[in-house]
Amino acid sequence: MLVGFRATQSMADFMQDVKAGSSKWINDNKYCKERFEWQAGYGAFSYSKSQLPDVISYIKNQKEHHRKKTFLEEYKLFLEKFEVEYDERYVFQEPE
């Protein structure tokens, strides 16, 4: 998801709203056989305005891109590229 964000906004509050609203929508529309719930936590990365065309292109081509590399593999590469320390226990898990 690509969003514009002000420095005065709370990322935690924003993500809480996104998760709550999308969970409700998924469950109300019965898109999953069982009750859908987001895992705890989230990842957020910032980009400069000059990088927006590249980010938008990446998003548009995600389906093709993830045929070569899973989202989880790529997420871990992002964490390493941006030198974000993480504990493997707290990185999201693939659905079973």
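This note walks through the predicted model above, point by point.

1. **Ground rules.** The model is predicted, so local features need pLDDT of at least 70 and side-chain atom pairs count only at pLDDT 80 or more, while totals for chains, interfaces and linings use all residues. Residues are numbered from 1 along each chain as its sequence is written, and side-chain values use heavy atoms, with hydrogens and water left out.

2. **Overall fold.** The protein has 4 helices and 0 strands. Along the sequence the pattern reads α-α-α-α. Helices (H or I, at least four residues) and strands (E, at least two) are DSSP runs, numbered from the N terminus. The C-alpha atoms fill a box of roughly 40 × 35 × 30 Å, taken along the principal axes.

3. **Burial and surface.** Of the 96 residues in the protein, 12% are buried. Buried means under 20% relative accessible area, exposed means over 50%, and partly exposed is in between (1.4 Å probe, protein chains only). The protein exposes about 8,600 Å², and carbon and sulfur atoms supply 53% of that area. These areas come from the Shrake-Rupley method with a 1.4 Å probe; for residues, only the protein chains shown count as cover.

4. **Contacts along the chain.** Residues 24 or more positions apart account for 33% of them. Contact here means heavy atoms within 4.5 Å.

5. **Aromatic pairs.** How many aromatic pairs does a search of the whole structure find? It finds 10. The rings of Phe5 and Phe14 have centres 5.5 Å apart and planes at 75°, so this pair is edge-to-face. Rings of Phe, Tyr and Trp (its six-membered ring) pair if their centres lie within 6.5 Å; planes under 30 degrees apart count as stacked, over 60 as edge-to-face and the rest as tilted. Phe5 is partly exposed, at 31% relative accessible area. Phe14 is also partly exposed, at 23%.

6. **A pair across the chain.** The rings of Phe45 and Tyr75 have centres 6.2 Å apart and planes at 75°, so they too are edge-to-face. This pair links distant parts of the chain, 30 residues apart. Phe45 sits in the loop between helix H1 (11–28) and helix H2 (52–60), and Tyr75 sits in helix H4 (residues 71–81). Is Tyr75 buried or exposed? Tyr75 counts as buried, at 14% relative accessibility. Phe45 is partly exposed, with a relative accessible area of 29%.

7. **The aromatic cluster.** Phe45 and Tyr75 belong to one aromatic cluster.

8. **Charges.** The protein has 15 positive and 16 negative charges, and their mean positions are 8 Å apart. Lys and Arg count as positive and Asp and Glu as negative; His and the chain ends are not counted. The place of a charge is NZ of Lys, CZ of Arg, CG of Asp or CD of Glu.

9. **Salt bridges.** Side chains of opposite charge can pair when their charged atoms come close. A search of the whole structure finds 5 salt bridges. The cut-off is a side-chain nitrogen of Lys or Arg within 4 Å of a carboxyl oxygen of Asp or Glu. One of them joins Asp28 and Lys24, with the closest N and O atoms 2.6 Å apart. Asp28 and Lys24 are 4 residues apart in helix H1, so about one helical turn separates them. Lys24 is exposed, at 52% relative accessibility.

10. **Two further bridges.** Glu37 and Arg35 meet through their side chains in a salt bridge (4.0 Å, N to O). Glu37 is exposed at 58%, and Arg35 is exposed at 64%. Arg89 and Asp87 form another salt bridge (2.5 Å, N to O). Arg89 is exposed at 62%, whereas Asp87 is partly exposed at 29%.

11. **Backbone points to check.** Lys30 is not a glycine, yet has a positive phi of about 55°. Lys30 lies in the loop between H1 and H2 and is exposed, at 68% relative accessible area. Glu83 is not a glycine either, and has a positive phi of about 55°. Glu83 is placed in the segment after H4 and is exposed, at 71%.

12. **A loop residue.** Glu34 lies in the loop between H1 and H2. Glu34 is exposed, with a relative accessible area of 66%. Glu34 and Gln93 are 59 residues apart along the chain, and their C-alpha atoms are separated by 17 Å.
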